[in-house]
Amino acid sequence: MEVTRILLLLVFISSTFCCTPAYGRARLHMKRLRYSIALPPMAEPPSPSFIRRLPALAPEPAIRGNSGLSSTNSTSGQPPRPPPPEPIDGNHGWNSTNSTAVLDVRALGAIGDGVSDDTEALKSAWEAACQGGPGLILLPQGYTFKIQSTIFAGPCRSELTFQVDGTITPPDGPDEWPQSISRRQWLVFYRVNGMKLQGGGLIDGKGEKWWNLPCKPHKGPNGTTLPGTCDSPVALRFFMSSNLTVRELRIQNSPQFHFRFDNCRNVTIDTICISSPALSPNTDGIHVENTELVGIYNSVISNGDDCVSIGAGSVGISIVNVTCGPSHGISIGSLGKQNTRACVANITVRNAVIKHSDNGVRIKTWQGGSGSVSSISFENIRMDTVRNPIIIDQFYCLSKSCLNQTSAVYVSDVSYTGIRGTYDVRSPPIHLGCSDSVPCTNITLSDVELLPAQGDFISDPFCWNAYGATETLTIPPVSCLSEGLPQSIIDIDSDKCYRGS
């Protein structure tokens, strides 16, 4: 009987297994295989949300993950670091598929201790990504990479990503800067198409020793300069490049401009934070020149010069949802220096905040220049304790020795809408100072409400040779604009750079 029961049990088990459909067993098997496939090394990060809070300028956070791994210097207060990657093989880590390869600079010899020179490792990563592509150059979190002045040149075979999750620093001041290397620029991207510069890391320009050179304006008596070499590097320069994206980066303490774009096209800057002291000289946040189609969005900039400066040859620049200050404000110019021709058109500044700054929205030109500034829109801008919230200055001069000249850059079609907030009473809230011989035309103001942050109300805006109109009541009232057009409009309009703008 026992033998019979055992035989029946075996038959039942066998029949149960055989009744499981073949596709069901295969499906279970495929699920196990699916989970065993490695994820790609770096997925595309999501687009930043409009309301995302920018990261504070703070020390690098401790690395999460790698639980159970201890660092040899963990007792010194340093965050634990991820283990170094395996060295990259002879084909630079590129596989036979079209997936993006990640080039961790540590695998190419970078140390990341903030002291060792990691320039060659970063250059090797650039060459591999540029010539192999598509690639992602990774500077990982928890490391500080010291990089000499370098030009990252294209064109590259495909688009690439420069992922800064750690910290990048230059040599510390003029004394450490190699004598054989130009002192005018630090990191340069030349003839690059389709590059993304991004990450949650920090680019620290270590500018303090440069700011204290004797030649800087604040070092001599009464704002004068003293003799000595004055060249100071721009932190990040893009030259003759296109289809660029810069996002989610922090950059601080540049020796001179933080970003500069020359002869570029199609540039998007989104969700970045730029910071340097209010008295740091010539530390413009973002400067564009001879560049077209630029969008600057959702960013915070505080520095010792213009938050954004727009130079000659700039067309189609949009600045939206930017917080600026302390600073010198958002400026078009200076233009026309040394009798040069300058053309700027189609500039929009919208939904911005400017606080504790020497200027708000400014157009500045030198006497003696030529060309035009046209189709400019300043819209929905909040001023907080700002000197010169609205200013056109066609007598811009950095000394008292500038001579009066008859030619000037022609300023026309400038609108100020929804400019509200408070001003510093040391200067009039509205200053429209146009050239004696080349008047400004079609200046319009609407919904302008500017009150003193403290002190007495300044009731008289300043206008000089400015033609236009107020479309609504303004505070303070602007009655100094000349109506219509000047008699010389035909001669003036002939110097306009862009027709219909």
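**Figure 1. Cys 273 and Cys 264 in the predicted model.** In this predicted model, Cys 273 counts as buried because its relative accessibility is 11%. Cys 264 is buried too, with a relative accessible area of 4%. Both values fall under the 20% cut-off for burial.

**Figure 2. The disulfide of Cys 215 and Cys 230.** A search of the whole structure returns seven disulfides. One of them joins Cys 215 to Cys 230, with an S to S distance of 2.2 Å. The link is right-handed, at 90 degrees about the S-S bond. Cys 215 sits in the loop between α4 (208-211) and β11 (234-239), and Cys 230 also sits in the loop between α4 and β11. The two cysteines are 15 residues apart. Cys 215 counts as buried, at 6% relative accessibility. Cys 230 is partly exposed, because its relative accessible area is 34%.

**Figure 3. The disulfide of Cys 307 and Cys 324.** The sulfur atoms of Cys 307 and Cys 324 are 2.2 Å apart and form a disulfide. The torsion about this S-S bond is about 95 degrees, so the disulfide is right-handed. Cys 307 lies in the loop between β18 (292-302) and β19 (308-310), while Cys 324 belongs to strand β20 (residues 314-324). The pair therefore ties together parts that are 17 residues apart in sequence. Both Cys 307 and Cys 324 are buried.

**Figure 4. The disulfide of Cys 343 and Cys 497.** Cys 343 is joined to Cys 497 by a disulfide, S to S 2.0 Å. This link is left-handed, with -70 degrees about the S-S bond. The pair connects distant parts of the chain, 154 residues apart. Cys 343 is in strand β22 (residues 341-355). Cys 497 is in the segment after α5 (489-493). Both Cys 343 and Cys 497 are buried.

Figure 5. UniProt lists His 328 under "active site", in an unreviewed entry. The residue lies in the loop between β20 and β21 (330-335). His 328 counts as partly exposed because its relative accessibility is 21%. Leaving aside residues up to four places away in sequence, His 328 touches Gly 304, Asp 305, Asp 306, Asp 358, Asn 359 and Arg 362.

Figure 6. Ile 151, Tyr 190 and Met 240 make a nonpolar surface patch of about 260 Å². Ile 151 is found in strand β5 (residues 150-153). At 51% relative accessibility, Ile 151 counts as exposed, because the cut-off is over 50%.

**Figure 7. The whole chain, as context for the close-ups.** The secondary structure comprises five helices and 31 strands. The chain has 501 residues, and buried residues make up 49% of them. Among contacts between residues at least 6 apart in sequence, 74% join residues at least 24 apart. The chain exposes about 24,500 Å². Carbon and sulfur atoms supply 53% of that area.

How values were computed:
Residues are numbered from 1 along each chain as its sequence is written. This is a predicted model: local features need pLDDT of at least 70, side-chain atom pairs count only at pLDDT 80 or more; totals for chains, interfaces and linings use all residues. Side-chain values use heavy atoms; hydrogens and water are left out. Patches are made of residues with over 30% relative accessible area and no salt bridge: like charges are joined within 9 Å, nonpolar side chains (Val, Leu, Ile, Met, Phe, Trp, Tyr) within 5 Å. Accessible areas come from the Shrake-Rupley method with a 1.4 Å probe; for residues, only the protein chains shown count as cover. A salt bridge is a side-chain nitrogen of Lys or Arg within 4 Å of a carboxyl oxygen of Asp or Glu. Helices (H or I, at least four residues) and strands (E, at least two) are DSSP runs, numbered from the N terminus. Buried means under 20% relative accessible area, exposed over 50%, partly exposed in between (1.4 Å probe, protein chains only). A disulfide is a pair of cysteine sulfur atoms within 2.5 Å. UniProt positions are given in the numbering used here, feature names are shortened, and annotations may be inferred rather than shown by experiment. Contact means heavy atoms within 4.5 Å.
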